[in-house]
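Colleague: I'd like to go through this model with you and ask what sits behind the labels. Could you give me the cut-off each time a new term turns up?

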Amino acid sequence: MPTIVFASPKGGVGKSTTAVLLAGELALNGASVAVLDADPNQPVVNWASKPGKPNNLTVVPNVREETVLDQIEDSERTHAFVLVDLEGTASLLVAQAMSRAHLVIVPCQGSPLDV
């Protein structure tokens with residue numbers, strides 16, 4: 001039951017897109033997947049409201065600092081994979097989620113300022 005967290009202190013680098021793509025592929029290959037949407041904009045929740053979401057993919061909305069550890073633990077009991085889409089900032093929520101992760105993926109989008 002790996003927990004995979006998508007984190008970056010920057011917004012707009014592809015965390016949510018990467019999380020949705022991986023979750024969809026895992027689910028289409030038969031795995032039960034939970035995606036915890038800890039981004040205040042709720043991009044994964046918005047995606048899941050559209051047609052085509054696999055039945056074995058569960059989206060947990062409104063994950064907050066006070067609830068993230070319990071929601072990860074609950075999801076680990078019932079799903080083969082738990083993915084956590086975090087907000088684009090450094091916060092206690094991000095640190096808590098990363099502390100429970102088996103893998104942290106940090107998408108990057110290059111720009112001249114990053115050089």
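Predicted model: local features only at pLDDT ≥ 70, side-chain atom pairs only at ≥ 80, totals over all residues.

Colleague: Why is M98 called partly exposed?

Modeller: M98 has a relative accessible area of 36%. That falls between 20% and 50%, so the in-between label applies. M98 is in helix α4; helices are DSSP runs of H or I with at least four residues, strands are runs of E with at least two, and both are numbered from the N terminus.

Colleague: What makes M98, V104 and V106 a patch?

Modeller: Patch members need over 30% relative accessible area and no salt bridge; nonpolar side chains (Val, Leu, Ile, Met, Phe, Trp, Tyr) are joined within 5 Å, like charges within 9 Å. M98, V104 and V106 form a nonpolar one on the surface, with about 220 Å² of accessible area together. That kind of area comes from the Shrake-Rupley method with a 1.4 Å probe.

Colleague: How do you know that E73 and R77 form a salt bridge?

Modeller: The term needs a side-chain nitrogen of Lys or Arg within 4 Å of a carboxyl oxygen of Asp or Glu. E73 and R77 have N to O at 2.7 Å, so the pair qualifies. Both lie in helix α3 (residues 68–78), four residues apart, about one turn of the helix. R77 is exposed at 54%, while E73 is partly exposed at 34%.

Colleague: What does R100 pair with?

Modeller: R100 forms a salt bridge with E73, the closest N and O atoms being 3.8 Å apart. R100 lies in the loop between α4 (92–99) and β5 (103–105) and E73 in helix α3, so this pair ties together parts 27 residues apart in sequence. R100 also bridges to E76, at 2.7 Å between the closest N and O atoms. Here E76 is in helix α3, so the parts tied together are 24 residues apart in sequence. Salt bridges that share partners join E73, D74, E76, R77 and R100 into one network.

Colleague: Why is E76 called buried?

Modeller: E76 has a relative accessible area of 12%, and under 20% counts as buried. The side chains of E76 and T3 are also joined by a polar contact of 2.5 Å. The cut-off there is N or O atoms within 3.5 Å; within protein, one must be able to donate a hydrogen and the other to accept it, and residues adjacent in sequence count only if both atoms are side-chain atoms.

Colleague: And what makes T3 buried?

Modeller: T3, in strand β1 (residues 3–6), has 0% relative accessibility, so T3 counts as buried. Beyond its neighbours within four places in sequence, T3 is in contact with residues including I72, V82 and L103, where contact means heavy atoms within 4.5 Å.

How values were computed. Residues numbered from 1 in each chain as written. Heavy atoms only, no water. Buried < 20%, exposed > 50% of the residue type's maximum accessible area, 1.4 Å probe, protein only.
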